[in-house]
Amino acid sequence: MSLSLDPAVIAKGFANNGQDVPEAGQVPSLTSTNNFINFCLTAPNLPITNGQQITGGSCNPAPMGLIPAKTNMPSSKFVFPANGATIPANKEFTIQMAIKNLETGNFVNANENYFSAPQQLNAQGIIQGHSHVVVEQLTSLNQTTPTDPTVFAFFKGLNGKADANGILTADVTKGLPAGAYKLSSINSAANHQPVLAPIAQHGSLDDAVYFTVQ
């Protein structure tokens, strides 16, 4: 494969810093005339991501990839637990999440191919990917301080295909201790990067609900 950039794919708009008609508080964009092909050379202190989950930080050279049409943006909604629900403590339950506009069941080796390829679409223009669910314990349902993303009560990659009704599931086999919790989805492309949308103003591509365990 060629190591040179084909002029046919150069995005000339990348040379514009966006400040021709600036809005109040708007900052200029980084610019490039070669699609940022050597961008990671600007951060020589960071290793190349190279398909790895590098916890100390890295620079990823993979392009963003294929972006779906506005009408094909993905979204999800939790079916169980419902927002505001209370479920029994330390008892197995199954998370259920409805999802649309995501061709589920597509996931690569997260230890060798993390962020290592562009987002891809299927023949119908739908993102090929998978989802995850994560449960974080809160001090209360009224908590206003941000959570610590490195701490969670339950995490599960939903690598299988959604069922005929468009539902993905995850079994929380040991249940959860009493407390207040936030349940969130992380909808992702096949290489585990968060799904990308074609427009800036859109509804959430993920869902979050809050529930208690007693």
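User: What order do the elements of the protein chain follow from the N terminus on?

Analyst: The elements run β-β-β-β-β-β-β-β-β-β. The chain holds 0 helices and 10 strands, where helices (H or I, at least four residues) and strands (E, at least two) are DSSP runs numbered from the N terminus. This is a predicted model, in which local features need pLDDT of at least 70, side-chain atom pairs count only at pLDDT 80 or more, and totals for chains, interfaces and linings use all residues. Residues are numbered from 1 along each chain as its sequence is written, and side-chain values use heavy atoms, with hydrogens and water left out.

User: Why are Cys40 and Cys59 called a disulfide?

Analyst: A disulfide is a pair of cysteine sulfur atoms within 2.5 Å. The sulfur atoms of Cys40 and Cys59 are 2.0 Å apart, so the pair meets the definition. A search of the whole structure finds 1 disulfide. The pair links distant parts of the chain, with Cys40 and Cys59 in the segment before β1 (75-80) and 19 residues apart.

User: What makes the disulfide of Cys40 and Cys59 left-handed?

Analyst: The torsion about its S-S bond is about -85 degrees, and therefore the disulfide is left-handed.

User: Are Cys40 and Cys59 buried or exposed, and how do you know?

Analyst: Buried means under 20% relative accessible area, exposed over 50%, and partly exposed in between (1.4 Å probe, protein chains only). Cys40 has a relative accessible area of 13% and Cys59 has 7%, so both cysteines count as buried. Of the 214 residues of the protein chain, 29% count as buried.

User: Why is Leu66 placed in another class?

Analyst: Leu66, in the segment before β1, has 46% relative accessibility and therefore counts as partly exposed. Contact means heavy atoms within 4.5 Å. Beyond its neighbours within four places in sequence, Leu66 is in contact with Gln119, Gln120 and Leu121. Leu66 and Gln119 are 53 residues apart in sequence, yet their C-alpha atoms are 5.4 Å apart in space.

User: What makes the residues of the lining of the largest pocket nonpolar, polar or charged?

Analyst: Ala, Val, Leu, Ile, Met, Phe, Trp, Tyr, Cys and Pro count as nonpolar, Asp, Glu, Lys and Arg as charged, and the others, Gly among them, as polar. The lining divides accordingly into 14 nonpolar, 9 polar and 1 charged. A pocket is an open set of points on a 1 Å grid over the protein atoms alone, with protein on both sides within 12 Å along at least five of seven lines, and lining residues have an atom within 4 Å of a point. Of the 24 lining residues, Asn35, Pro61, Ala62, Pro63 and Met64 lie nearest the centre of the largest pocket.

Conventions:
1 Å grid on protein atoms, 1.4 Å probe; cavity = no way out; pocket = protein on both sides within 12 Å on 5 of 7 lines; lining within 4 Å.
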